[in-house]
Amino acid sequence: MNIAEIKKVGVVGAGTMGHGIALNFALAGYPVILCDVNDNIIKNALKSIQKALDLFIEGKLIAKEEAETVIGNISITTDLEELSRNSQFITEAIVERSEDKKQLFNRLDSICPPETILASNTSWLVLSDFASGVKRQDKVVITHYFAPPHIVPGVEVCGGSGTSQETYDITCQLMEKIRKIPIRLRKERTGHVINRLQDAMRHEANILWAEGVASAEDIELGIITTCGFRMPFEGSMKHFDIAGMWRWPKDVLENYAEKEADESWGLSAELVSKIRGRYAEGKPWFMDPDEYESEVEKRDRDLIRRLKALYRNEKE
Ligand SMILES: NC(=O)c1ccc[n+]([C@@H]2O[C@H](COP(=O)([O-])OP(=O)(O)OC[C@H]3O[C@@H](n4cnc5c(N)ncnc54)[C@H](O)[C@@H]3O)[C@@H](O)[C@H]2O)c1
């Protein structure tokens, strides 16, 4: 199978995520069939899609006339067989319950044409677990979108133990075709990558709040106006580069590495040594050390643009 053979897609579950996922495909010109358990839910999903499109028009992302075509690309059903008959790529976005996903995947496996790829939008579950009963092990995959899925560009793509390279590659290509940015995971992990990172921050925020170190409002304000403010430009790894931490004196960097990777994080000796060893190299993750000054300048220009936008918004 290749990407050109995906002519029609299905989305099962028309809730918070499903309606937005369907909209992504429809915006890219794919005929989409959206399925849920009853007409009421699907009607509400269609209302949410229309509302999302109105904001796209307001934001000049699409023209008003295009919105009609996009809506025309979406059909609805409560009949899983109808969805399965013609879809070459199906995304499930049903309730986050392993047993429900298992049942759905098994059913889809039994009623879909053999070439159909089955994708899951699970936030935390592991594919090899709930999709273990599926015969087409080579054609299952995770595409993990982030709310609101029709706006946030990144999508984690993760295979299970039997997922073929072909399925993985087609899935990444498909994400690019619908103007998403695939984040390629090499291994299965509960919570994938990004939810684990988000959770680490939330976990710490909850503790600091419970200990009374700061109010919930100030913790939130702190995130948004400091590390969050920088985040459109840098994630945690690029921060190590751009903040020049790799240039710190050896002993200071070693101290830092010890704090980052010690037993209290529940790490094995092997992982501790791998992380500390990487820090000990004293080199950035991504940038050429000779480009440090220009990278910092690039960051500052970007942040100043964002700062100006903030002040402008305040005046409006
Ligand atoms: N909400 C988020 O921010 C978010 C982000 C990323 C991933 N996810 C994941 O996406 C999935 C859906 O989450 P959501 O927030 O959209 O949930 P939701 O409750 O808003 O929607 C789930 C929909 O699935 C339907 N459904 C349940 N079982 C079904 C079945 N067997 N057949 C057809 N439809 C069925 C429900 O009626 C409901 O409309 C979950 O796996 C969740 O973990 C959610």
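Start by selecting Val134, found in the loop between helix H6 (127-130) and strand E6. Helices (H or I, at least four residues) and strands (E, at least two) are DSSP runs, numbered from the N terminus. Residues are numbered from 1 along each chain as its sequence is written. This is a predicted model, in which local features need pLDDT of at least 70, side-chain atom pairs count only at pLDDT 80 or more, and totals for chains, interfaces and linings use all residues.

**Stop 1: around Val134**

Is Val134 buried or exposed? Val134 counts as buried because it has 20 C-beta neighbours inside 10 Å. The cut-offs are these: a residue is buried if 20 or more other C-beta atoms lie within 10 Å of its own, exposed if 12 or fewer, and partly exposed in between, with C-beta atoms placed from the backbone.

Now show the residues that Val134 touches. Leaving out residues up to four places away in sequence, they are Phe105, Asn106, Asp109, Leu118 and Val140. Contact here means that the C-beta atoms of two residues, placed from the backbone, lie within 7 Å.

**Stop 2: strand E6**

Select residues 140-144. This is strand E6, mostly covered, with 5 of its 5 residues buried. Which residues point which way? Val140, Ile142 and His144 point one way from E6, and Val141 and Thr143 point the other way.

Bring in the partners of E6. Two strands pair if DSSP finds at least two bridges between them. E5 and E6 run parallel and are joined by 3 bridges. Look for Ala119, which stands opposite Val141 in E6. Next comes strand E7 (residues 154-159), antiparallel to E6 and joined to it by 4 bridges. There, His144 stands opposite Glu156 in E7.

**Stop 3: the whole sheet**

Step from E5 to strand E4. Strand E4 (residues 89-92) and strand E5 (residues 117-120) run parallel, joined by 4 bridges. Pick Glu92: its bridge partner in E5 is Ser120.

**Stop 4: the ligand**

Of the 23 residues around the ligand, Gly13, Gly15, Met17, Glu96 and Ala147 come nearest. A residue is near a molecule or strand if its C-beta atom, placed from the backbone, lies within 6 Å of it. By class, the shell has 13 nonpolar, 7 polar and 3 charged residues. Ala, Val, Leu, Ile, Met, Phe, Trp, Tyr, Cys and Pro count as nonpolar, Asp, Glu, Lys and Arg as charged, and the others, Gly among them, as polar.

Stay on Ala147. A cis peptide bond joins Ala147 and Pro148, with omega about -10°. Pro148 is found in the loop between E6 and E7.

**Stop 5: loops and backbone angles**

Go to Ser161, in the loop between E7 and H7. Ser161 counts as partly exposed because it has 13 C-beta neighbours inside 10 Å. Ser161 and Phe146 are 15 residues apart in sequence, and their C-alpha atoms are 24 Å apart in space.

Arg179 lies in the loop between helix H7 (165-177) and E8. Its phi is positive, near 65°, in a residue other than glycine. With 10 C-beta neighbours inside 10 Å, Arg179 counts as exposed.

Jump to Lys60, in the loop between helix H2 (39-58) and helix H3 (64-72). Lys60 is not a glycine, yet has a positive phi of about 60°. Lys60 counts as exposed, with 7 C-beta neighbours inside 10 Å.

**Last stop: zoom out**

The chain holds 14 helices and 8 strands. Its C-alpha atoms fill a box of roughly 65 × 55 × 45 Å, taken along the principal axes. Of the 316 residues of the chain, 28% count as buried.
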